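This report describes a sheet and a chain-to-chain contact surface. Please consult the sequence and structure shown here while reading.

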Amino acid sequence: MTESPNPRVRRHHGLVRLTHWLNAIVLTGMIASGLQIYGAFRHFGSKEAQLPVPNPFDGYTFPEAVRLGGWLAGGLQWHFALAWPLVFTGLTYLGFLIATGQWRELLFRPSDVKPAIEMQLYYLRLRKEHPPQGKHNALQKGAYTFIMALGAISVLTGFAIYKPVQLSWLTSLFGGFELARYWHFVAVWLFIAFTLVHVGAVLLADRASLPSMITGWYKGKFPSHG
Amino acid sequence: MASLDRRDFLRLGIVAGPAALVAGCGWDGGPLVKSKLASMSRLNDWVGENILQSSKRLATVYPPSARSGTMPGYFISRQVPTLGIAQPWALEVGGDVKAPTSLTLEMLQQLPRVTYTVKHHCVEGWTAVATWTGVPLSVVADLVQPTERARYVRFDSFDNGYYNGWDMASAMHPQTMLAYAFNDRPLMPDHGAPLRLYSPIKLGYKLTKYLTKMTFTSTRPGGYWEDQGYPWLGGI
């Protein structure tokens with residue numbers, strides 16, 4: 001193989017890389033301890049009247065290998081301890097985006113709908129050439145905006161079921177305690193779905209983006225993207 | 001033995017990281033992590049007590065028609081704890097108070113009473129709406145006059161040593177009561193007869209049943225589940 005002509009470019013700020021990996025670890029712990037907590041009551045609603053919501057995991061006990069904490073109290077301790085770094089890394093990252101103005105490259109806007117469709121056509125091989133883009137293409141913007149919103153919803157539904165009396169306004173925003181607990185659980189599966197697509201896209205579309213999230217330097221197919 | 005070069009070391013790290021993470025799942029954390037988690041839990045109690053808790057905020061009150069069909073109850077004894085027929089019962093109220101006293105059920109029932117239909121939140125994640133009737137805890141506090149030293153209240157029971165410790169603000173909350181009736185009927189043994197603590201602002205495990213003693217104290221009492229790792233505050 002000949003030497004790649006692609007130039008080596010600076011891609012990710014240290015703060016972005018740090019919060020990215022911290023978040024990956026903390027979120028794994030949050031999900032694992034959350035699945036442990038779920039085991040204490042594997043339904044939604046009251047004991048005799050369940051909420052009419054779809055739940056493929058109704059009554060299901062998650063395997064020990066994906067749980068953290070050992071029992072309910074351990075799960076709760078891990079969950080409430082890890083909530084701190086989760087919120088902290090989230091706010092640090094958000095603050096970085098705002099301070100540097102980089103949020104502009106990540107926020108999905110109505111004008112991104114058309115390029116997002118073009119990008120999807122390209123991925124489905126229904127369009128030959130890669131559509132023009134900035135640092136991130138419209139589909140990526142959609143994914144990153146979605147994941148930030150999902151993070152915010154996870155934290156807010158978490159607080160809604162943590163303090164349903166003191167923060168009752170928040171709890172009712174999500175339809176009451178029982179529904180808020182359900183949305184908190186749905187968020188887990190959306191996080192997992194995102195992670196599968198995210199990792200899949202890295203491995204299939206642009207492998208050079210993985211080392212760039214570790215070292216900050218990118219050397220691959222898309223040097224112009226930032 | 002070949003020495004590891006930097007590259008090998010990196011490879012080892014890449015494998016060992018996730019492996020350690022996987023091995024960590026389903027594990028309680030070991031003594032070192034356990035004590036760290038307990039400290040974090042105390043920090044969360046502090047935040048819950050001093051930042052996220054208002055002594056004036058009332059829990060939503062429901063109409064009696066909103067009651068749940070069942071209200072699960074539990075106890076830690078092997079069988080439902082009950083008093084013998086001839087066994088006299090009275091609630092001992094003491095500790096850091098000016099006028100310690102002993103209150104029989106009849107005396108408690110003659111004190112001002114409150115009734116409300118509220119949602120019960122279990123730490124497990126289920127809820128149930130029920131009606132509770134009893135004497136506000138603050139009324140009993142007025143009788144015994146806690147001293148300035150009193151910062152917590154300890155509740156003891158005849159359910160095999162089950163006990164709880166409460167922060168004073170939650171104990172004095174207008175919706176916190178010593179309940180002797182459930183859904184308009186006298187409290188039955190499965191729900192903590194003759195007297196139990198009830199409040200919609202705490203998780204179920206904080207609501208001591210089968211009460212025997214209420215003690216005002218300057219030192220923070222633990223609790224049956226709290227000593228095993230449940231959040232001490234249990235405020236919601």
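## Strand pairing in chain B

Strand 5 (residues 152-157) of chain B pairs with strand 10 of chain B in the antiparallel sense over six bridges. Strands (E, at least two residues) and helices (H or I, at least four residues) are DSSP runs, numbered from the N terminus, and two strands pair if DSSP finds at least two bridges between them. Within this pairing, Y152(B) stands opposite T217(B) in strand 10 of chain B.

Strand 10 (residues 211-217) of chain B also pairs with strand 1 of chain B, in the parallel sense, over four bridges. Here T215(B) in strand 10 of chain B is the bridge partner of G94(B). Strand 1 (residues 91-95) of chain B is joined in turn to strand 2 of chain B by three bridges, and these two run antiparallel. E92(B) stands opposite S102(B) in strand 2 of chain B.

## The sheet as a whole

The five strands form an open sheet in chain B with the order 2-1-10-5-6 and mixed pairing. Its edge strands are strand 2 (101-103) and strand 6 (163-167) of chain B, each pairing on one side only.

## Contact between chains A and B

In chain A, 31 residues are in contact with 35 residues of chain B; contact requires C-beta atoms, placed from the backbone, within 7 Å. Helix 1 (14-38), helix 2 (72-100) and helix 7 (177-205) of chain A are the elements that give two or more residues to this side of chain A. Helix 2 of chain A gives the most, with eight residues.

## Basis of the model

This is a predicted model, in which local features need pLDDT of at least 70, side-chain atom pairs count only at pLDDT 80 or more, and totals for chains, interfaces and linings use all residues. Residues are numbered from 1 along each chain as its sequence is written, while chains are lettered from A and ligands numbered from 1 in the order in which they are written.

Methods. Contact = placed C-beta atoms within 7 Å.
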